[in-house]
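Here is a walk through a multi-chain model, with the sheets taken piece by piece. Have the sequence and the structure open side by side.

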Amino acid sequence: MTSSLRRDDPPTDVVAPKAAPSTRPRPRIRPVLLTHLAAALLALLGVVALTFLVGPIEQLRIAKVGYLMLAIAGLQLLVGASGQISLGHGAFMFIGAYATALTVLHAPMVPLAAIMVLTVVVGCLAGIVVGAATARLHGPYLAGATLALAVGLPALALYFSDILGGSNGLLFKMRGAPPELAGLVTDNQWKAWVIWFTVLVALVVLATLSRGRLGRRLRAIRDDEAAAAMAGIPVGRTKVTAFVISAGCGSLAGACEAYLLGTATPSSFSLALSLSLLAALVLGGLGSLWGAFWGALALVYLELAGKELADLLGLSSSVADNVPLVFFGTLLIVIVMAWPMGIHGALSRLSGVVRRR
Amino acid sequence: MSDTPILQIENLSTYYGAVQALRSVSLTVQPGEICAVLGANGSGKTTLLRTISGLQPAAPGSRILVNGEDITGAPAESMVRRGLAHVPEGGGVIVDLTVEENLRLGGLWRADRRDRAQALDEVYELFPPLVERRNQPAASLSGGERQMVAIGRALMARPAVLLLDEPSLGLAPLITQQIMRLLHDLRDRTGLTVVLVEQNAASALSITDHGFVLSQGAVVARGSSAELLADDRMRHAYLGF
Amino acid sequence: MNQFISLTFEGIANGAIYAALGLSLVIIYQATRVVNFAQPALALMAVYLAYTVTQATGSYWLGFATAMASGTLLGVVTERLLVRPVQDKSPLNAIILTLGLLMVLQGLAGMIWGNLQHSFPPPMSFRDLAAVPISPEEIFALAAVGVVATVLFLLYRFTPLGLRMRAAAFHAESARLSGVRVGLMLTLGWGIASAIGALAGMLAVPPLLSPTVLDAVFVYGIAAAVLGGLDNPFGALAGGLVLGVGLSYVSGYVGSELTTLAALAILIAVLSLRPAGLFSRATVRKV
């Protein structure tokens with residue numbers, strides 16, 4: 001009872017009861033899945049077509065947009081749908097990248113598809129460990145713990161430098177386009193296809209899950225955890241599930257990066273990466289998977305634009321290197337300040353609109 | 001005593017978003033009066049006090065005067081300087097502070113250190129049970145003691161007007177009675193003006209000079225306490241006894 | 001055995017720095033229910049300004065004063081311009097806002113002073129005294145944090161200003177009704193907290209200064225604050241010391257690369273037993 005006399009916690013937004021007339025039949029899983037598959041197929045065809053129109057560097061960027069989108073989409077399930085803040089998503093990309101690198105180096109005969117599946121499994125296992133350990137943590141406590149994860153995990157590469165290659169990381173060779181297609185398709189192009197195929201498959205799974213029971217439960221927990229628990233939703237398990245799926249996505253994204261670049265170095269999974277992913281998510285919009293797309297696009301191309309701008313103005317490299325960081329930080333601040341009902345509120349309203357449709 | 005009312009409220013309206021909580025409330029309180037604001041749950045009593053003390057913004061066109069000075073729109077933290085002390089619903093005792101710290105907080109706004117010490121002594125005199133608990137955290141107090149701290153803290157400011165929001169909430173009838181008697185004595189001794197918001201109309205009217213009845217944010221009746229008590233229709237419709 | 005003793009002292013000294021950073025987070029959290037993720041960046045800016053002043057004047061102490069002053073000012077400006085407008089919204093907003101500020105300031109520091117490391121010597125020389133297992137630098141860190149913590153305790157506990165600040169933090173409405181200018185008190189709290197953050201930065205940075213130098217220290221600082229319970233200043237101090245000593249052993253006996261993970265492990269171990277920290281008053285999450 002003492003708590004009622006204390007300064008109240010900042011109001012966790014009261015979300016207006018959603019007008020959800022239950023007369024409409026629940027969306028059946030198969031049509032949803034089919035829609036998603038069709039959309040994914042279309043997207044893949046679009047990417048394939050696009051890679052024929054652009055040069056090799058641009059193809060790399062297209063691939064990068066793909067896997068960043070997956071990482072952000074995973075984060076979106078966690079932050080956007082379940083309201084848990086993770087500042088450590090880069091750590092799961094680190095896990096995926098190193099799992100890929102180790103498999104390629106020590107078991108070169110394992111096919112790529114198996115590696116991808118393996119990294120998802122490894123990422124999910126890591127997610128179970130971290131998710132279970134942090135399931136009871138809220139808001140700033142969870143943010144603090146995942147922050148420590150983001151800063152601490154890459155240091156493993158330094159500690160186990162015999163196996164993980166120290167600060168130089170691991171270097172390995174990934175096969176590009178199959179020999180039958182030599183001359184028709186470049187390596188970069190092929191890798192972009194593979195990555196987008198992988199990403200789209202994962203996204204279809206993700207989109208279907210968040211449209212289904214898991215998504216509903218997560219949103220219920222985000223909106224009001226206590227009410228969700230009283231409605232019989234297993235809160236702890238659902239939150240851990242979200243954490244695990246999001247970790248799997250992050251790990252797979254890391255695997256895609258390793259596959260694309262042929263390296264895994266600790267410095268590419270810095271705290272800045274984790275924060276950038278979160279920034280991109282907020283920038284793109286927390287509410288939908290489209291947000292992940294816009295966020296990834298922004299991450300790749302705004303960074304590029306910042307660098308080019310700095311070059312154009314003849315700024316020194318230390319300025320140029322930091323342009324994206326400052327830019328994203330500013331964007332975050334502006335978005336939060338200019339969104340008077342709060343991101344959380346905008347997001348609830350958004351999800352309300354989506355659900356009513 | 002001058003003719004200026006100590007508290008004068010004209011045409012006061014308040015909104016919570018689109019919901020109007022007070023509808024053109026006007027009322028006047030003379031110095032040294034104890035007046036009751038009565039009404040059912042949600043009739044706007046608490047909102048009235050919160051708007052007077054600046055915790056809730058008043059709609060344009062409203063006027064609140066204390067001793068002839070227009071205080072409409074002034075920030076809540078300036079109210080003690082204008083002679084207005086507000087004991088909010090539940091008392092607003094800060095449980096993380098000790099009893100004495102809570103009390104001292106009420107007098108801090110005044111520069112005179114000696115006067116503050118004297119006010120503290122007076123409050124302890126008024127509420128003897130608080131003396132031996134002075135260094136305990138307020139969280140350890142009983143409901144009645146908390147209400148004492150709340151009122152004591154308000155009195156530390158040496159206000160001209162005391163706004164009191166449901167001091168009887170959650171207290172045993174005997175303690176409520178004690179508090180009511182205390183307010184009455186205080187008024188007689190110091191000339192303090194008290195605006196008392198109460199749901200428990202019978203106990204409030206037993207010590208007040210006159211009262212206002214709020215219903216759905218508007219004043220529906222006003223008169224001396226005796227008149228209000230005597231009016232059966234009023235009692236049944238709004239006061240519930 | 002000698003190593004154990006010197007590791008212990010090193011841990012205590014480092015712990016004092018984590019405690020200071022944790023304390024700065026707790027002061028702000030108590031007052032505004034915001035975890036200031038921008039704290040290391042505010043401190044970083046203060047330290048860089050100190051570096052510039054020290055370079056120009058040759059005086060460490062002039063730089064030190066600059067750090068304290070600019071740290072305070074940065075905290076005040078941050079609270080007034082950025083945090084206040086979003087404060088009463090969802091907690092997610094405040095976290096994202098301060099993260100945004102962290103990115104901006106860290107980026108700005110890199111732009112202005114470069115991403116490369118600068119040498120930033122401590123106030124005292126490294127010369128260890130053979131007889132004592134503690135370096136002058138460590139004594140300075142301990143003394144500085146000790147003095148600050150004591151002054152802070154006296155300020156909060158025994159002065160009218162401290163009473164006002166506590167009242168504003170614990171129960172804004174009651175404080176306002178007692179005539180306390182709550183907004184001013186919260187701003188003041190941010191200023192004080194950021195000054196302490198700047199102090200922690202000045203103690204943590206030597207010998208090398210770079211834009212990311214405080215990242216790990218911040219992790220320990222937030223770990224210290226979370227360990228102690230975010231709303232308990234004494235908890236932050238205790239948490240910082242425990243963490244400092246624990247990590248010093250890990251670093252000395254296992255490997256310095258693992259300290260952050262060890263911090264994470266300690267953090268998770270403690271939080272899984274007490275989700276709101278070791279010394280947090282049991283507060284029931286409201287339904």
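## The antiparallel sheet of chain B

In S4(B), Gln8(B) finds its bridge partner in Leu65(B). That pair belongs to the link between S1(B) and S4(B), an antiparallel run with 4 bridges. A word on terms: two strands pair if DSSP finds at least two bridges between them, while helices (H or I, at least four residues) and strands (E, at least two) are DSSP runs, numbered from the N terminus. This is a predicted model, in which local features need pLDDT of at least 70, side-chain atom pairs count only at pLDDT 80 or more, and totals for chains, interfaces and linings use all residues. Residues are numbered from 1 along each chain as its sequence is written, and chains are lettered from A and ligands numbered from 1 in the order in which they are written.

Zoom out and you get an open sheet of 4 strands in chain B, ordered S2-S1-S4-S5, with antiparallel pairing. Its edge strands are S2 (19-29) and S5 (69-70) of chain B, each pairing on one side only. S1(B) and S2(B) are joined antiparallel by 7 bridges, with Tyr16(B) opposite Val19(B) in S2(B). These two strands make a hairpin with 2 residues between them, and Gly17(B) in the turn has a positive phi of about 60 degrees.

## The mixed sheet and the helix across both

Chain B also has an open sheet of 6 strands in the order S6-S7-S8-S3-S9-S10, and here the pairing is mixed. Strand S6 (84-87) and strand S10 (218-224) of chain B sit at the edges with a single partner strand each, so one side of each has no neighbour in the sheet. From one strand to the next, the twist averages 15 degrees. One of the parallel pairings is between strand S3 (residues 34-39) and strand S9 (residues 210-215) of chain B, over 5 bridges; Val37(B) stands opposite Phe212(B) in S9(B).

Now look at helix H1 (residues 45-52) of chain B. H1(B) lies across S3, S6, S7 (161-165), S8 (193-198) and S9 of chain B, at about 145 degrees to S7(B). H1(B) also lies across S1 (7-16), S2 and S4 of chain B, this time at about 70 degrees to S2(B). For these angles, axes are lines fitted to C-alpha atoms, for helices over the stretch in contact, and angles run from 0 to 180 degrees between N-to-C directions. Two residues are in contact if their C-beta atoms, placed from the backbone, lie within 7 Å.

Chain C has 11 helices and 2 strands, and its C-alpha atoms fill a box of roughly 60 × 45 × 35 Å along the principal axes.

## Where chain A meets chain C

The contact between these chains draws 52 residues from chain A and 53 residues from chain C. H14(A) gives the most on the chain A side, with 13 residues. By class, that side has 33 nonpolar, 13 polar and 6 charged residues. (Ala, Val, Leu, Ile, Met, Phe, Trp, Tyr, Cys and Pro count as nonpolar, Asp, Glu, Lys and Arg as charged, and the others, Gly among them, as polar.)

The model scores ipTM 0.89 and pTM 0.84. Mean pLDDT (the predictor's confidence in each residue, from 0 to 100) is 81 for chain A, where 86% of residues reach 70 or more. Residues 1-23 of chain A fall below 50, and beyond near neighbours in sequence this stretch has 34 contacts in the model. Where pLDDT is low, the predicted coordinates should not be read in detail. Chain C has a mean pLDDT of 87, with 93% of its residues at 70 or more.
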